[in-house]
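This briefing concerns the structure shown below.

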Amino acid sequence: MKLYYKITLINALTRILIVAAFLIFTPSLIYKAAVGHTDDRLKNMKGQIVQKIDTKGIGEFLQEEDSTFADYTILKEKFISIEKVDSLGKDTFVTSQRDIESEILEFRILKHWFTYHNTKYLLEIGESIQYVRDLNSILREIALYLLIIFITVTVVIDLSFMQNLLNPLRKIESKLLATKHPEKFDFRHIHTTTTDFKYLDQTISEMMRKIQNAFHIEKEFIANVSHELLTPISILQTRLENMLEEGTLNEEAEQKIIESQRTLGRLKQIIRSLLLISQIENNQTPKEDSASVAELLKEVIDELEVRFPEKNISLEANLTDDYTLSPCNRSLLFTMFFNLINNAIKYNKQDGKIIVSTVRDRRQFEVRIQDTGKGIATENLQSIFYRFKKFNSAGEESYGLGLPMVKTIADFHGMEIKVDSILGQGSVFTVVIKTDE
Amino acid sequence: MNVLIVEDEKSLTKEVQAFLKKEGYVCDVAYTGKEASEKIYVNPYDFLLLDLGLPDYEGLDLVKEAKEANQEASIIILTARGSTDDKIKGLDLGADDYLAKPFSLLELSSRMQAIIRRKHGLKKSITELHGFQVDLTNRSVAFKTNVISLTKKEFDILQYLLINKNRVITRMQLTEHIWDNALEVDYDSNYVDVHIKNLRKKLGQYKEVDWIETVRGIGYRLNLL
C-alpha cells in the first residue's frame with residue numbers, strides 16, 4: 001500500500017476512534033451532570049419543606065386520619081409525597097421509573113426520613129429527568145451527522161495535503177523506476193521544501209554517482225586489460241605467421257609453430273569471451289535489433305548442420321511458434337543459441353538426437369533444446385553457468401566459457417535459462433522469454 | 001602501393017612491415033599520433049593502418065585528419081579496444097574497414113586486397129578456376145551453365161583460398177576468417193575440415209578438385225597458375 005494512502009487511512013481511523021469515544025461517553029457524562037444538578041435542587045427543596053413543616057406543622061400536608069400525601073405539579077415533572085412509616089433511614093437519592101397516567105417517566109427522587117410528634121414519616125421529593133434521555137438521543141443524532149461530515153471533510157483535506165506533501169517522494173520513486181541502469185540516472189534535483197526528501201534525493205544521487213564511477217572504472221579497466229593482453233598476443237600471432245611464411249623451417253619446427261598458433265588461438269578466444277561477458281554485464285553492447293527467434297534458430301541450425309554427420313546425429317526442429325524479440329542484440333542471441341545447440345552436438349552420443357522446439361504460452365515463450373547426450377550430474381547443475389567449470393569434456397575443445405556466455409546473454413535480454421538433466425540420458429536447456437510485458 | 005602503419009607497439013609494427021614488404025607494399029611507420037599526423041599531411045598514401053589506442057592521440061581524430069589531408073588513402077582501423085562503439089564511430093568517420101587485434105596478417109592482406117578491388121573497379125569480376133567460374137561480387141560459383149549452390153561458409157573458404165592462392169593457409173587462419181564476426185562463439189577448428197570436405201564434394205560432381213590440396217598437419221592450399 002502506498003505511504004500516501006496509509007497515512008490518510010491512519011488519520012481517518014484515529015479520528016473515527018476519537019469520534020466513537022465521544023459518542024459513547026458524552027451521553028453518560030451529560031446524564032451525570034444533569035442528575036447532580038437535579039440532586040442539588042432536590043436538596044434545596046427538601047430544606048424548604050422541612051422548614052415549612054417546622055414552622056407551620058405537618059398539618060399543612062397531612063391530616064391526622066391520612067397516612068399519605070402526594071402532590072404533583074401540573075406538568076407532572078415534580079412531585080412531593082409524605083407518608084407515615086415504621087422505621088427511619090438515612091437520606092438517599094434514587095432513580096426510578098414511575099408510571100404516571102400510563103406514561104413511564106424517569107424520576108430522580110430524594111428520600112428523607114423524619115420524626116414529627118413521635119410519628120415517623122418518609123418524605124419523597126421527585127423530579128423528572130426524562131428530558132435528559134430525550135436530549136441525549138437528539139444530541140447523539142446531531143453529533144453523528146456532524147461528525148460524519150467532519151471526518152469526510154478532514155479526509156479530503158488530508159488526501160490533497162498529503163498528495164502535495166508526498167509529491168517529491170513520488171518524483172524520486174518515478175526517477176528510480178525510470179532508471180533501468182545506473183548509467184541512465186537523471187541527476188536533476190527534485191524541488192522540495194521538506195528536508196527529509198531533500199536528503200533522500202541527495203543521498204540517492206550521491207550513491208548513483210558512486211555506482212556510475214565504479215562502472216566507469218570497470219569500463220576503463222576492461223579497455224585497458226584488453227589492450228594490455230591482446231597487444232602481446234597480436235605480436236606473437238604475427239611473428240608466428242611470418243615465421244611460417246618464410247618457409248625456411250623444417251617440418252618439425254613448422255608443426256610446433258602450428259601448435260603454438262592453436263594455443264594462442266585458444267588464449268585469444270578466452271580473452272575475447274571474457275571481455276565480451278564483461279562488456280555485456282557493463283551494458284556496453286547495443287540492444288537495438290529486432291529478431292525472430294525461429295529465424296535465428298534456423299540460421300544456427302544451418303550453420304551447425306555440417307557437424308551432424310560426425311556422430312550421425314539427427315535433429316528435429318519444431319519451430320512453428322515464433323516470437324519477435326525487440327529490442328535485442330541479434331548477434332549476441334545468435335551466439336547464445338549457437339553455444340546451446342553446439343553443446344547439444346558436442347556432448348551427444350553416436351547416433352544421438354537433438355530436438356529444438358519453440359512453445360508459445362499465454363505469458364511466455366520457450367525455446368527448448370533437448371539432447372540425448374551424456375547429461376549433467378545433479379550436483380553440477382547449479383555451477384554449469386560459472387566461468388571455467390567443465391565437467392565432461394575430456395578431449396573436447398572447450399574452455400568452459402560457452403555456458404557462462406549463454407547465461408550472460410540471457411540475463412542481458414531478461415531471459416531465464418533452465419536446465420533439466422539425467423546423467424547418461426541427456427539434458428534439456430530451456431530459454432524462457434517473458435512475453436506479458 | 002604506399003602504406004603507413006600507425007602503431008605504438010614497435011614489435012608489432014616490425015612484423016606487419018616485414019609481411020607487407022614481402023607482399024609488395026612500400027611501408028612507412030609512425031609510432032606516435034603526432035608523427036602520424038605530420039606524415040599524413042606530407043606524403044600521399046594508399047593505405048593507412050591505424051591503431052586507435054595511441055598513448056598521445058585520440059585515434060578517431062586521426063581518422064578525421066586523414067580523411068581531410070589524404071583523401072585517396074584507404075583506412076583500416078586496427079584496435080584492441082574491441083568496443084563496438086569504436087567500430088561504428090570509426091566506420092562513420094570514413095574508415096574502410098576495421099580489424100580487431102589480434103588479427104592474422106593474412107586476414108589483413110586479404111582485407112587490403114578487397115579494398116583495392118572495390119576502389120579500383122573490378123576489371124574482371126569472374127575468376128576462372130580450373131574450369132569453374134567464381135564470381136566474387138555476386139558470391140556465386142558455376143561450372144559451365146550449372147550454378148553450384150554453396151553455403152555462406154563454403155563460399156567464404158573458397159574465396160579466401162582463392163585470394164591467397166598458392167599459399168598454405170592454416171586451419172586456424174581459415175577458422176578465424178570465417179568466424180570473424182562471432183569469434184566468441186564456442187567454435188573449434190574441426191569445422192573447417194568438414195566445410196572443405198563438403199566443398200570438395202559439391203565441386204567434385206563436375207570436375208576433379210585436386211587443386212585444393214591438403215597440407216598434412218598444417219592446412220590447405222589452392223593451386224592456381
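Chain B contains eight helices and twelve strands in this predicted model. The chain has 225 residues, of which 37% count as buried.

**Contacts within chain B**
- When contacts between residues at least 6 apart in sequence are considered, 56% of those in chain B join residues at least 24 apart.

**Nonpolar cores**
- The largest nonpolar core comprises 53 residues. The residues with the most contacts inside this core are L4(B), V6(B), L48(B), L49(B), L50(B) and I75(B).
- Helix α8 of chain B (residues 190-204) supplies the largest share of this core, namely five residues.
- Another core lies apart from it and has 38 residues, including L297(A), M336(A), V367(A) and A410(A).
- Leaving aside residues up to four places away in sequence, I75(B) touches L48(B), L50(B), V63(B), A66(B), G94(B), A95(B) and D96(B).

**Contact between chains A and B**
- Chain A brings 41 residues to the contact, and chain B brings 34 residues.
- On the side of chain A that touches chain B, two or more residues are given by each of α3 (195-246), α4 (251-281), α7 (330-346) and α9 (402-412) of chain A.
- The largest share of that side, 14 residues, comes from α3(A).
- By residue class, the side of chain A that touches chain B consists of twelve nonpolar, 20 polar and nine charged residues.

Technical notes:
Residues are numbered from 1 along each chain as its sequence is written. Chains are lettered from A and ligands numbered from 1 in the order in which they are written. This is a predicted model: local features need pLDDT of at least 70, side-chain atom pairs count only at pLDDT 80 or more; totals for chains, interfaces and linings use all residues. A nonpolar core is a set of buried Ala, Val, Leu, Ile, Met, Phe, Trp, Tyr and Cys residues joined through C-beta atoms within 7 Å. A residue is buried if 20 or more other C-beta atoms lie within 10 Å of its own, exposed if 12 or fewer, and partly exposed in between; C-beta atoms are placed from the backbone. Helices (H or I, at least four residues) and strands (E, at least two) are DSSP runs, numbered from the N terminus. Two residues are in contact if their C-beta atoms, placed from the backbone, lie within 7 Å. Ala, Val, Leu, Ile, Met, Phe, Trp, Tyr, Cys and Pro count as nonpolar, Asp, Glu, Lys and Arg as charged, and the others, Gly among them, as polar.
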